[in-house]
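Look at the sequence and the structure below.

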Amino acid sequence: MATRRDKKGRPVVAITGMGMVTPLGTGKQDNWKRLTAGESGIRTISRFATDGLRTTIAGAVDHEFEEGMHSAALSEKLARIAGTEAIAESGIGSKGDFPGPFFLAFPPIEIEWAQRFAIAAVSGANDVVEYSDLVRVAPRPEFGGFYEQCKYGVVPDTLAEYFGTKGSPISLTTACASGATAIQLGLEAIQRGECQAALAIGADGSITAESVVRFSLLSALSTNNASPQGASRPFSKNRDGFVLAEGAAALVLEDYDHAVARGAKILGIVEGVGEKADNFHRTRSSPDGKPVISCMRNALSDAGVTPADVDYINAHGTSTPENDKMEYLGVSTVFGEHLKNIPISSNKSMVGHTLTAAGAIEAVVSAMTILNQRIPPTINYEVPDPGIPLDVVPNKARDAKVRRVISNSFGFGGQNTCLVLTGEPN
């Protein structure tokens with residue numbers, strides 16, 4: 001059998017397994033059904049009191065949340081669910097024995113208020129407490145295992161042991177681009193010949209009172225509390241911010257020849273990746289759009305394709321006034337006249353912004369778009385923005401010939417990553 005190589009002489013990297021959990025449900029097929037039906041997973045927050053908060057809605061994965069679970073534990077659980085589904089579909093290795101490295105996009109972990117209050121209660125009000133004393137008392141039951149789980153490297157190590165991956169796991173956080181970055185690292189490891197398969201997961205279970213407060217202080221969140229399911233409105237003139245959400249997605253990436261040799265089903269190909277740092281501002285994008293433009297161009301160049309080869313854009317599409325405008329500037333510059341022929345839609349209109357997990361979730365949706373030849377819609381698109389003249393696949397899914405997708409992930413601080421995906425090569 002001839003060795004399959006891409007246009008740059010590198011191993012072709014296939015997707016042989018995918019898993020997903022979002023506010024819409026658990027499992028990629030259930031999610032796909034609901035996404036293409038135009039359903040919303042945004043609800044009023046019930047996990048904690050929202051009195052006095054400007055935003056009281058979110059895309060919480062309450063169907064996997066357990067009472068008293070802190071964000072690190074929920075994020076780990078979501079990663080485990082998605083990874084288990086992906087590995088099972090791939091049929092690679094055996095239970096607890098994955099034959100490749102592990103790349104995990106995971107949110108920053110910090111002590112939440114429940115744990116802070118518990119520490120204060122056992123330490124004594126205003127007492128000076130030695131660090132060694134906190135270490136000693138932290139594993140007590142009232143801390144919910146938080147200290148043990150949040151020690152440096154514990155979550156990726158725990159997941160690596162569970163999945164049986166090889167080598168030291170890599171855990172990363174590149175803001176809203178993290179999920180795509182995890183896929184990038186897996187792709188490049190296979191292209192360099194370091195492994196024949198890799199597991200990439202993006203997970204985020206960070207809906208807490210403090211996270212809602214912090215994003216509210218940035219004026220980043222929608223305050224359309226009266227209509228939760230209509231709150232995320234990417235590219236609409238009346239958009240007023242993103243909706244915080246949770247979820248996870250996993251992809252088994254594999255050398256194409258290796259996958260074919262073992263009889264695996266090829267679900268898609270990751271053709272290329274582009275990245276470009278911004279460094280303009282901690283949250284805002286550079287007003288000239290150059291980093292976003294360069295990121296997309298780098299992805300197309302890495303894949304060895306042109307803008308005219310792209311059939312669909314899976315938008316970052318957060319529903320914030322500035323980000324949507326910036327994304328339009330980017331795609332209109334990169335795709336030019338061809339843009340009028342390219343549908344572009346935002347999954348975040350239905351699942352919200354899953355932060356660290358977003359790039360991985362949207363990569364899975366992009367691959368499923370190619371597999372099913374059906375484009376999920378941008379829902380809640382009732383008031384078009386004349387300054388953003390895009391075909392956003394408004395409100396209803398669309399059957400279309402889709403051979404290639406570019407999936408955009410633009411993170412706070414200018415951490416930008418774009419993926420190019422296509423179907424099985426002829």
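Phe102 and Phe163 are both buried. The model that shows this is a predicted one. Phe102 belongs to strand β5 (residues 102–105) and Phe163 to helix α6 (residues 154–163), so their pair ties together parts that are 61 residues apart in sequence. A pair of aromatic rings is described by the distance of the centres and the angle of the planes. For Phe102 and Phe163 these are 6.1 Å and 70°, an edge-to-face pair. Together with Tyr162, the two residues Phe102 and Phe163 form one aromatic cluster.

Over the whole structure, the search finds three aromatic pairs. Another pair is that of Phe215 and Phe242: the ring centres are 5.4 Å apart and the planes lie at 75°, so this pair is edge-to-face. Phe215 is in helix α8 (residues 209–217), while Phe242 is in the loop between α8 and β8 (247–255), so the pair ties together parts that are 27 residues apart in sequence. Phe215 is buried, at 16% relative accessible area, and Phe242 is buried at 4%.

The charged end of Arg80 sits over the ring of Tyr162, 4.2 Å from the ring centre. In the case of Arg47, the charged end sits over the ring of Phe65, at 4.1 Å from the centre.

How many disulfides does the structure hold? It holds zero. A disulfide needs two cysteine sulfur atoms within 2.5 Å. The cysteine sulfur closest to that of Cys418 is in Cys295, 3.4 Å away, so it is too far for a bond. Cys418 is buried, with a relative accessible area of 0%. Cys176 also counts as buried, at 9% relative accessibility.

Note on methods. Residues are numbered from 1 along each chain as its sequence is written. This is a predicted model: local features need pLDDT of at least 70, side-chain atom pairs count only at pLDDT 80 or more; totals for chains, interfaces and linings use all residues. Side-chain values use heavy atoms; hydrogens and water are left out. Buried means under 20% relative accessible area, exposed over 50%, partly exposed in between (1.4 Å probe, protein chains only). Rings of Phe, Tyr and Trp (its six-membered ring) pair if their centres lie within 6.5 Å; planes under 30 degrees apart count as stacked, over 60 as edge-to-face and the rest as tilted. Helices (H or I, at least four residues) and strands (E, at least two) are DSSP runs, numbered from the N terminus. A charge sits over a ring if NZ of Lys or CZ of Arg is within 6 Å of the ring centre and within 35 degrees of the ring normal.
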